[in-house]
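Here is a briefing for a first look at this model. Keep the sequence and the 3D view open while reading.

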Amino acid sequence: MVAKLKGQYGSGIREASTYLGQNYMVVEPSIIVELLQILRDREQFDYCVDVTALHYPQREKQFDVIWILYSFPRNERIRVKTMIADGETVPSSVTVWPAANWLEREVYDMFGIRFDGHPNLKRILLPDGWKGHPLRKDYGIIQQDQEWVQINLGIESGQ
Amino acid sequence: MLDYIKSYLSSDVTPGAAGNLFWAFVYILLIFLGLSVAVIAMNWLERKILAHMQVRLGPMRVGPHGLLQPIADAIKLLIKEDIMPAEADPFVFWVAPIVVVITTFTVFIVVPFGPTHAVTDMNIGVLFMLGVSSLSVLGIVMAGWASNSHYPLMGALRSSAQMVSYEIAMALAVVSAVLMTSLNREGTGTLSMIGIVQAQQVQQTWFVFKFFPLGLIAFFIFAVAMIAETNRAPFDLPEAESELTAGFHTEYSGFRWSLFFLAEYSAMIAVSSIAVTLWLGGWLRPFPHWLRGEPSDLVFSLFPGLTFLFLAAMAFYSTARMPKHPYFRVQTIGLAGFGAVLALVGLILFVRPVRDRIQDIYWFSTKVAFSMYMYIWYRGTFPRYRFDQLMKVGWKVLLPMGIGVLILTAFVGVLL
Amino acid sequence: MPDRTTTDPTTYLSHLELGEPDKTFLDSNELIINMGPQHPATHGVLRVILKLDGEKVLGTECVIGYLHRGVEKIAEHRTYAMFNPYVDRMDYVAAVSNGLGYCEAVEKLLNVEAPPRARYIRVILTELNRLASHMLWLGTHALDIGAITPLFYTFRDREEILKIFEKYCGARLTTHAFRIGGCLYETYEGFEGEVKKFLDFVTPKIDEYEELLTTNRIWVERTRGVGVISEKDCIALGVTGPVLRASGVKWDLRKAQPYAAYAEFDFEIPIGQNGDTYDRYLVRMQEMRQSLRIIGQAVERIPEGPIMAKVPKVIKPPVGEIYHSIEAPKGELGYFIVSDGSTQPYRVRVRPPSFVNLQALDIMVRGQLVADVIAVIGTLDIVLGEVDR
């Protein structure tokens with residue numbers, strides 16, 4: 001499968017390997033939606049388990065965006081990763097899997113990664129006016145949007 | 001004075017019919033008092049019975065076995081802050097519970113607790129009852145609208161739609177019962193509530209058994225419609241807790257809310273007494289004709305006293321089972337006292353003149369109590385209907401059934 | 001049953017355009033109702049904005065996050081063992097399942113395996129927990145639909161399960177029953193006997209629930225054909241668990257990718273055909289019986305031996321990442337753990353079944369009535385602690 005995809009995309013797929021029996025591949029952000037579409041239609045990865053992200057502040061391309069896919073017919077999982085820098089956008093996979101709708105919103109909420117073409121990209125778990133994206137490594141564990149807390153809750157601090 | 005009372009006791013018409021304003025007033029007061037006590041008792045009984053159906057104990061803390069719980073609740077409701085939403089229409093918001101309470105209480109004017117125990121014997125009693133009881137929907141719509149909030153509004157709309165549509169099925173069932181009164185040899189029908197019971201006495205059958213199964217079906221239609229009319233489970237959509245939080249009285253609290261509560265339970269008692277009057281022989285004791293004669297008369301007349309003695313025995317039994325801790329001493333004494341009062345009432349009810357006068361009321365209340373028990377049972381058993389299903393049941397099942405029963409009753413009555 | 005995601009892809013993506021609340025709402029045809037966050041039937045603090053035409057639902061929008069505690073952030077500041085109790089607080093009615101998923105994920109990352117006895121204990125407790133979770137679901141779902149009595153019956157029987165938990169690990173709800181590498185506690189004296197007694201006790205009780213509801217006319221009318229979701233829609237929306245199985249997909253992680261000791265037991269995956277609320281009810285009822293079967297087998301065959309694998313005192317997994325998922329009572333519960341070689345996880349991502357399943361609410365209720373929204377929220381079996389984390 002990987003060879004076939006590599007043949008098609010060449011350098012778009014940077015890496016494809018297995019760790020602890022779990023397959024993953026790292027791809028360029030530009031081909032991600034196309035690749036996911038192909039994985040869904042041709043390779044039968046019909047179920048998008050999860051969309052999530054990782055933050056490596058010391059890297060140049062700070063974020064890993066990860067799609068975890070599962071195939072019902074093949075009973076297999078695969079992780080598709082792409083790396084982007086802060087401020088870059090990723091094309092949205094909502095058109096491939098509607099399941100990605102809220103999952104991408106959560107990634108946006110937590111990491112501030114914008115998904116291009118998402119129909120309703122706004123915060124999902126945190127309040128709409130919140131400042132900051134808490135799962136970034138530079139966001140402290142007891143950090144809060146004090147301004148929001150003071151305005152909306154009418155208390156000095158939430159701590 | 002005593003002579004005056006005695007002269008009244010020997011009369012055989014209702015005070016309203018006799019034009020005796022004083023006695024009518026006394027009766028109204030008695031009914032009001034009795035109803036309030038009945039609602040309080042219902043409150044406790046419903047919680048207790050439902051709790052025991054659901055493997056729990058229900059109120060146990062306030063008084064022995066939670067007997068004083070309704071009183072505690074009433075005090076709590078009365079001293080609660082009176083909240084009126086800022087956006088509400090104050091006058092309508094204020095008047096809505098009163099409308100509901102007044103209409104439900106007014107129905108009791110024509111309810112006969114005995115051949116002479118009614119405020120008045122109206123010759124259009126049934127019509128009056130139907131007309132007045134349908135007015136309460138006005139109060140509910142007012143409450144929902146005046147709250148100026150979504151949930152109450154939806155509750156009120158549901159309620160009005162439901163009550164209006166079930167009223168038709170209800171009326172058809174009532175008409176078939178009325179029709180039965182006229183199907184005797186004299187051919188004299190009546191709309192008077194007392195007249196209907198007397199017709200059952202004359203025809204020697206409760207209407208629920210008349211033209212079997214026509215009477216039964218009519219009774220069934222009425223029984224279903226009356227649950228829908230009073231917004232109780234499984235037709236409690238207007239106050240469907242899980243959907244509309246509390247329906248039309250979501251914004252009400254404290255005393256105003258307790259008026260709705262009072263009205264709901266009085267309405268339940270009212271429609272139950274109408275069902276009892278129309279189909280279950282009103283104040284007539286069971287088997288008045290099969291078990292005729294002095295000995296069975298005597299046996300049946302002992303029932304009221306025996307009931308109270310039984311309740312007293314239960315109270316004493318519970319007293320004996322109370323924990324022997326000093327903490328419970330007051331409760332134990334209270335429960336024993338309650339049992340003693342019940343026993344005393346029971347003994348008084350054995351006295352001849354009293355038991356002769358009280359019998360009618362006793363049988364009437366027993367039948368109503370049975371109906372109330374069914375209400376609680378339904379609530380413990382059934383899930384709630386959805387609104388469109390409710391309408392379907394009302395219009396597509398009960399209404400054709402009612403029409404069919406009505407026509408068949410007319411045919412059968414003429415042919416027999 | 002139309003596949004709405006494929007025939008009309010726009011339907012699942014549309015959302016409400018909420019302007020200013022209409023002051024004179026009596027004049028407009030469309031009504032916007034705010035259901036929750038404080039509402040008797042939203043199972044916690046879910047807020048659903050409903051757009052209604054009369055009683056008909058034109059669209060919904062879920063507003064969640066009221067219970068957000070930042071579990072994933074906390075994980076980055078705790079050691080692997082310290083984070084273990086936190087996962088119990090997500091799906092608090094199925095805390096044992098959460099713990100199992102987390103422990104197994106970390107074990108996989110460490111490349112250790114729990115000993116057989118520990119795995120059997122895990123299966124027994126997890127299945128008991130599934131039973132408890134389904135019982136709680138049944139009670140509250142029935143309560144939403146208006147049957148108040150089953151709630152008390154199910155809670156009475158759930159109590160017995162909680163008693164077993166309490167005797168085993170001292171906690172009833174958030175149990176923290178398992179440790180990375182196995183179990184900390186050996187089973188108490190008479191554990192097997194008590195579990196067997198419980199099985200005998202609960203089988204007739206499940207019959208009792210079914211007697212109350214399965215053939216109840218009102219129940220059937222309220223649930224059949226309500227909240228229908230097709231197989232394709234389910235997969236497209238990532239819906240898992242009993243909801244997916246009720247739509248006809250015979251997929252259960254316990255069979256598909258067995259974990260713990262599930263490969264050694266004989267049980268079936270109940271499925272439905274119509275994907276409506278009634279089928280989901282039946283599937284869950286069957287699942288409860290299958291759980292009893294698994295527990296029965298596990299108690300019979302539980303092996304002797306150690307209960308803890310050799311795990312270093314300080315857990316320092318090698319650099320790498322792992323995704324491990326289990327079949328929680330609500331669906332696929334996944335843990336994606338990234339290790340940077342230190343004692344604290346670099347990132348723990350929880351794939352919550354409730355969160356993903358809740359997305360299907362909109363497609364399931366559109367065009368139905370308000371009362372059905374309640375039924376569907378109930379049948380999705382969401383726990384807000386898990387949705388919001």
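**Overview**

Of the 159 residues in chain A, 37% are buried; a residue is buried if 20 or more other C-beta atoms lie within 10 Å of its own, exposed if 12 or fewer, and partly exposed in between, with C-beta atoms placed from the backbone. This is a predicted model, in which local features need pLDDT of at least 70 and side-chain atom pairs count only at pLDDT 80 or more, while totals for chains, interfaces and linings use all residues. Residues are numbered from 1 along each chain as its sequence is written, and chains are lettered from A and ligands numbered from 1 in the order in which they are written. The predictor gives the complex an ipTM of 0.85 and a pTM of 0.84.

**Confidence in chain C**

- Chain C has a mean pLDDT of 83, and 93% of its residues reach 70 or more; pLDDT is the predictor's confidence in each residue, from 0 to 100.
- Over residues 19–26 of chain C, pLDDT stays under 50.
- For that stretch the model has three contacts beyond four places in sequence; two residues are in contact if their C-beta atoms, placed from the backbone, lie within 7 Å.
- Where pLDDT is low, the predicted coordinates should not be read in detail.

**Chain A**

- Chain A has four helices and seven strands. Helices (H or I, at least four residues) and strands (E, at least two) are DSSP runs, numbered from the N terminus.
- Read from the N terminus, the order of elements in chain A is α-β-β-α-β-β-β-β-α-β-α.
- Among contacts in chain A with a separation of 6 or more, 44% join residues 24 or more positions apart.
- Strand E3 (residues 47–55) of chain A is mostly covered, with nine of its nine residues buried.
- E3(A) pairs with strand E4 (residues 63–71) of chain A in the antiparallel sense, over eight bridges. Two strands pair if DSSP finds at least two bridges between them.
- Within E4(A), A:Val65 stands opposite A:Ala53.
- Helix H4 (residues 146–153) of chain A lies largely in the open, because zero of its eight residues are buried.
- Just after H4(A), A:Gly154 takes a positive phi of about 70°.

**First sheet of chain C**

- Three strands of chain C form an open sheet in the order E1-E2-E3, with antiparallel pairing.
- Its edge strands are E1 (30–35) and E3 (56–63) of chain C, each pairing on one side only.
- Neighbouring strands of this sheet are turned by 20° against each other on average, direction ignored. Axes are lines fitted to C-alpha atoms, for helices over the stretch in contact, and angles run from 0 to 180 degrees between N-to-C directions.
- Helix H15 (residues 370–380) of chain C packs on the sheet and touches E2 and E3 of chain C. The direction of H15 makes about 150° with that of E2(C).
- Six bridges link E1(C) and strand E2 (residues 47–53) of chain C. C:Leu52 in E2(C) is the bridge partner of C:Leu31.

**Where the chains meet**

- 29 residues of chain A are in contact with 34 residues of chain C.
- E3(A) gives the most to the side of chain A that touches chain C, with six residues.
- That side has 20 nonpolar, five polar and four charged residues. Ala, Val, Leu, Ile, Met, Phe, Trp, Tyr, Cys and Pro count as nonpolar, Asp, Glu, Lys and Arg as charged, and the others, Gly among them, as polar.
- 22 residues of chain B are in contact with 26 residues of chain C.
- Helix H10 (241–244), helix H15 (352–381) and helix H16 (387–415) of chain B each give two or more residues to the side of chain B that touches chain C.
- By class, that side of chain B has nine nonpolar, seven polar and six charged residues.
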